[in-house]
Structure formats: C-alpha cells, structure tokens
Amino acid sequence: FFFFQATPPPLMADLETDKKRKDPHDAEEEEEEAREEVATTHTQPAAAATNNADTPCPLCGTAGARHFHRDSIQNHRDFYRCSVCELTFVPTDQIVSPDKEKAHYDTHDNNPQDQGYRKFLNRALDPLCTYLAPGQCGLDFGSGPGPAVAGLMQERGHSVRNYDLYYAPDQAVLAQQYDFITCTEVIEHVQDLPAVLQQLDAALRPGAVLALMTGIVTNDSTFGTWWYTRDITHIRFFKPATFDWVAKRMNWSILERPHKTVVLFRKNPAASTQEE
C-alpha cells in the first residue's frame, strides 16, 4: 500500500506570497470565498458525469463510479465519484509515481515553531485532547519529515511515536496499540484505503480516539476550483457522508466534527470491523 503525508494546504497563487505572514486558516477562508465566486463559470457540473464500469471505488470497491470532473486547466486529471460511499477519487493510471511524490513532499517546509502551522494542527489537536486522560501514548500516522504533531502533543504531556512511509518507516511502530492516533493531511494521499484503515484500526486500543484531518468536500459546485484538487499528490476526497460510511464499516463512532476539516472517531469497545 501507499500512504503519504502532506504539508499545510497550498494556497492560491495570489495568496502564495503571503503564506509566511498570514494564518493559514485565514488565507484558506479567503481562497474558498474566491473560488465560490468563480465556481459557476469554471466548474464542470456533476450532472454531465457518466458511469464507468471499469472504475471501481478504492474505498468500498463498488463498480461503476461516475466521472465527476475533469481538470482541463492545470493537471489534466479526472475525478470519479462513488455512488455508495461518495468518495471522489483520481483513477490509478493518473497517480504520480512514489519517486515524484516524495520529491514533492521534500519541498515542503513544516516548521513546528511556525505559529501559523501550530494553529493549523491545533484544529485537530485541541479537540482531541479533550478526550484524553493525562499522560496518554499516541501515534502520529504519516508524520512527515518534521514531526510537529509529536512536539505539540508532548507539550500537553502526552507521548507520541511517529510513522511515515518515507520519513519514519519503522513497521514495528504499527504493531503496537495506542490511546490515540493523529492522521493530519494524510488520508487524501492514500492509494489503498482499506489497508490503511485496517492498520489504523489495529493500532487503536478499544476506546481510543483517532483525529483525522483532511479537506472535506462540502459543495460539489465549487469542486473544480478548489485548491485541494490542484495538488497532484491529492487523490482521495471525502464528503461527510464518506466518513459516516467509514465509521459504520470500521465499527467506529464519530465523536464530533470540530472543524470543517477535522473528524474525531472513537474505536468502539467491541473492536471488530463489521463484515459486509
């Protein structure tokens, strides 16, 4: 399987020069407002989509995903939408190679001392910590080259181990179970979603909490102008209903959605994945 770690989301070109000076959250809100203004002229409507029996969903496996959008301006990628779990995804033959993917990540600058980046991560970490007892042990799944989450959680009195396919690939870390797992800006890069979800489930103790952060599709009409789709390493896009499907499939409960990009799950005490 492949899974990957991204940096805080890239901004629109006209915001790029300000990203060092501005809170990423504020810049993201401005960019989203801008894309909604132009959505009616630049987005290919989902109504024009067609079914493709040869394109199964990489999350639930349902065949016949419909062609949802074509990026004809920048990366020239196709996006398909599953009718069952509502995942939107890039087909396998348009996914970049691991070498190109890592080269892309190597250009990122995730400075754990940057106040904007800390605020960005705290969208997930602050609500997560309300569910944790003192001194818990966690895993940062997809920690990237600079394990900022570990430092932020250690400041709160928790210990964190790091796992990342490219930067911290110790498989022994995944053989343990944890009180919490963070997965920030990772799931949108995953090719084999069922395998990674099973890894997360196995590493969660019964009752443990998973904090997942990713861009979430909330408005189909603006999908075509969404900056999140322009990152060539972003290949999976989730709707709120997709996470509902994941929770049911994995026998997890959704504790809350404290931010539009964050979902908190709890592994149910039964600790067994439901069979289809």
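Partly exposed describes a residue whose relative accessible area lies between the buried limit of under 20% and the exposed limit of over 50%. Asp244 is partly exposed, with a relative accessible area of 37%. The model is predicted.

**Salt bridges**

The salt bridges number 10. Three of them are tabulated here.

| Pair | Closest N and O atoms |
|---|---|
| Arg205 and Asp179 | 2.7 Å |
| Lys239 and Asp220 | 3.7 Å |
| Asp244 and Arg257 | 2.4 Å |

Arg205 bonds with Asp179 in a salt bridge. Arg205 sits in strand S7 (residues 204–213) and Asp179 in strand S6 (residues 178–184), so the pair ties together parts 26 residues apart in sequence. Arg205 is partly exposed at 33%. Asp179 counts as buried at 19% relative accessibility, because the cut-off for buried is under 20%.

Lys239 pairs with Asp220. Lys239 lies in the loop between S8 and helix H7 (240–250), and Asp220 in the loop between S7 and S8, so parts 19 residues apart in sequence are tied together. Lys239 is buried at 16%; Asp220 is partly exposed at 27%.

Asp244 pairs with Arg257. Asp244 belongs to helix H7 and Arg257 to strand S9 (residues 252–259), so this link spans 13 residues in sequence. Arg257 is partly exposed at 38%. Shared partners join Arg81, Glu86, Asp220 and Lys239 into one salt-bridge network.

**Sheet**

Four strands form an open sheet in the order S1-S2-S3-S8, with antiparallel pairing. S1 (66–70) and S8 (236–237) are the edge strands, each with a single partner, so one side of each lacks a neighbour in the sheet. S1 and S2 (residues 78–81) pair over four bridges. Arg66 stands opposite Arg81 in S2.

Terms used. Residues are numbered from 1 along each chain as its sequence is written. This is a predicted model: local features need pLDDT of at least 70, side-chain atom pairs count only at pLDDT 80 or more; totals for chains, interfaces and linings use all residues. Side-chain values use heavy atoms; hydrogens and water are left out. Two strands pair if DSSP finds at least two bridges between them. Helices (H or I, at least four residues) and strands (E, at least two) are DSSP runs, numbered from the N terminus. A salt bridge is a side-chain nitrogen of Lys or Arg within 4 Å of a carboxyl oxygen of Asp or Glu. Buried means under 20% relative accessible area, exposed over 50%, partly exposed in between (1.4 Å probe, protein chains only).
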